[in-house]
Amino acid sequence: MTRQWMYTGALALMALCTQCGVPARQEVTLHDAQGREMKVPLRKALPVDAPRVRYPGFNPDTLILKAGSVRREGAMPLPCDILLERDVPIRLRDGVTIYADVFRPVGDEACPALLAWSPYGKEIGGQMLDDVPMRSGVPLSATSGLEKFEGPDPAYWVAHGYAIVNPDKRGAYMSEGNLLYWGHEDALDGCDVIDWIASQKWSNGKVGMTGNSWLTVSQWFIAAERPEHLAAIAPWEGFCDHYRESGTRGGIPAPEFPEMIAETFASAHGMLEDQPRMIVERPFMCDYWEDKAARVENIEIPAYVVASYTNSVHTHGSFAGFRRMASKEKWLRVHNTSEWFDYYTPENVEDLRRFFDHYLKGIDNGWEQTPRVRLSVLNPGGTDIVGRAEEDFPLARTQYHKLYLSAADSALLTSLPADQAVSEYQSDSARHEVTYRYRMERPTEITGYMKLHLWVSAPDHDDMDLAVRVEKLSRDGQPLPDRTGNLIAATGLMRVSMRQLDETRSTEAEPYYTFTTEQKLKPGEIVPVEIEIWPMGLYFDEGEILQLTVGAYRPANAAIPFGSASISVPRDGFTYMPGQKPVEMITVGGNATQCADPAEVVVSPATHNAGRHRIYTGGEYDSYLYVPVIPDNTMK
């Protein structure tokens with residue numbers, strides 16, 4: 001099947017509702033990799049002149065940005081002259097035109113390019129670090145301000161002989177069409193742009209992809225299509241399965257975070273794929289959600305993958321993508337900070353350049369000698385282990401242990417309690433959780449995948465939404481925040497009615513669910529559930545406490561004030577010399593609450609919690625926490 005045939009992009013204007021006489025919602029027809037049609041609802045996007053989306057205007061032009069000039073006050077001055085081709089049209093396979101900014105070295109020498117694929121704006125846009133408290137630790141002066149949100153800084157990369165291509169993907173800002181999320185057709189758009197880059201006179205024919213979050217998710221999908229000229233990728237934290245890792249983790253629909261992101265998008269010509277609504281209306285696995293799971297097994301090109309244990313959206317997918325891709329040349333680095341801070345830390349940028357220099361420029365710089373895995377292990381209250389060389393993840397020397405829950409004394413034990421006992425909490429009350437503790441008898445490292453095997457019942461209802469945490473406490477039972485004040489926890493979620501396992505893909509340490517059927521609880525029924533807990537690396541000193549918390553799931557507050565920061569840039573000229581401001585500046589931003597249509601906002605559905613939850617331990621009920629212990633520091 002050709003790409004031209006696969007994309008219809010057809011906007012289905014539905015007939016009037018025969019019962020109510022009002023127009024039904026609009027839909028788009030998408031196709032997955034097998035050619036199956038999917039009808040997907042659309043919603044309005046913000047107009048490009050909305051303050052929240054911070055659009056600096058449409059201005060096709062070619063400029064030389066002079067060394068020493070700045071994009072905005074306080075940003076890093078440019079280290080070299082940069083040729084900027086602004087709002088360059090790129091025609092996709094179905095005739096749709098999108099627009100990109102291209103930053104590249106001045107001169108005729110061919111160079112490799114790095115593609116940053118997202119709908120966030122070509123530089124400033126609806127989401128920026130300025131909206132985040134303390135810019136997530138990234139100083140304003142650390143980057144030039146030419147970078148798109150979560151993308152590579154053109155000032156650094158052009159100075160080292162690379163082009164940076166920042167498109168507004170289909171439907172974003174002035175680009176034509178409807179704005180799509182990830183999936184097969186969006187990935188084909190990315191392939192079209194890679195083909196276009198390789199055809200340019202300034203290109204050496206090799207393209208890499210880099211960036212964090214959305215820009216990482218895009219890499220999983222686009223690389224899986226195997227575009228000819230994509231030579232290497234650097235996924236820097238991002239999920240690879242939207243249903244299982246973000247929108248419906250554990251079978252619990254959670255549109256809060258996707259809704260927050262959707263409200264920041266702008267489109268001049270089209271509408272927005274309403275993925276938050278799909279989370280609520282399509283709670284079971286289906287063709288649509290299968291299309292939102294990247295086929296990472298298809299990826300064979302070199303990859304530099306970055307992960308962390310503490311990202312509530314990206315942790316699982318970052319590790320899963322690394323493990324599942326077919327690339328023989330792949331590296332994993334697990335950091336101990338935050339995604340944005342890590343991405344813009346100078347030594348990490350230099351490390352990434354060594355990777356791209358090797359694969360996009362052919363430089364023999366010894367990159368292939370880099371340890372396959374560089375691991376961090378978190379030690380709240382102490383000193384983290386950072387950059388420990390390993391051969392793979394999870395670690396081959398892992399020794400798994402069962403810690404059995406004991407409701408009788410709220411403990412975790414190394415052997416099954418002989419007597420049965422029950423823990424109970426009221427799921428719809430303030431005290432909606434219970435805890436169990438294990439005190440370490442010796443220094444212990446727990447790194448890898450955990451699971452919780454529980455026997456549960458809901459005497460007053462037919463379902464349960466469960467949330468679990470595994471965390472480290474001090475010797476006297478107090479929380480141990482990290483250096484930024486955050487508490488470190490490995491987490492798991494489970495809707496009990498969605499507990500059916502896919503036996504072909506589940507392992508002893510990693511349950512994998514089908515999410516295709518619902519198994520409601522019968523009155524008085526006690527059932528076992530296997531709760532997947534995302535990867536973690538934690539170090540415990542002797543006497544410190546591992547605490548397991550089991551409770552009723554509560555929807556999270558996903559609010560980040562995207563759009564709140566006011567940003568001032570030149571109306572013309574793009575950059576200016578410090579102290580010599582242009583005649584006219586424009587200020588964009590300053591609104592974190594705009595949305596295209598309040599009536600289309602998707603809110604969290606009610607949980608499946610009501611009344612009492614019971615957890616059964618001991619005797620015939622072998623409820624246990626399965627923990628990955630790394631020798632030589634083992635539990636007795």
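Q: Which strands does helix α11 lie across, and at about what angle does it run to β10?

A: Quick ground rules: this is a predicted model, where local features need pLDDT of at least 70, side-chain atom pairs count only at pLDDT 80 or more, and totals for chains, interfaces and linings use all residues. Residues are numbered from 1 along each chain as its sequence is written, and side-chain values use heavy atoms, leaving out hydrogens and water. Helices (H or I, at least four residues) and strands (E, at least two) are DSSP runs numbered from the N terminus, contact means heavy atoms within 4.5 Å, and angles run from 0 to 180 degrees between N-to-C directions of lines fitted to C-alpha atoms, for helices over the stretch in contact. Helix α11 (residues 346-360) lies across β7, β9, β10, β12, β13 and β14, and its angle to β10 is about 160°.

Q: Which strands stand at the edges of the eleven-stranded open sheet?

A: Strands pair if DSSP finds at least two bridges between them. The order is β4-β5-β6-β8-β7-β9-β10-β12-β13-β14-β15, with mixed pairing. One side of each edge strand is left without a neighbour in the sheet, because each has a single partner: these are β4 and β15.

Q: Which residue in β15 does valine 373 stand opposite?

A: β14 (residues 373-377) pairs with β15 in the antiparallel sense, over four bridges. Opposite valine 373 stands glutamate 390.

Q: Is phenylalanine 515 buried or exposed?

A: Phenylalanine 515 has a positive phi of about 55° though it is not a glycine, and it sits in the loop between β22 and β23. Buried means under 20% relative accessible area, exposed over 50%, partly exposed in between (1.4 Å probe, protein chains only). At 2% relative accessibility, phenylalanine 515 counts as buried.
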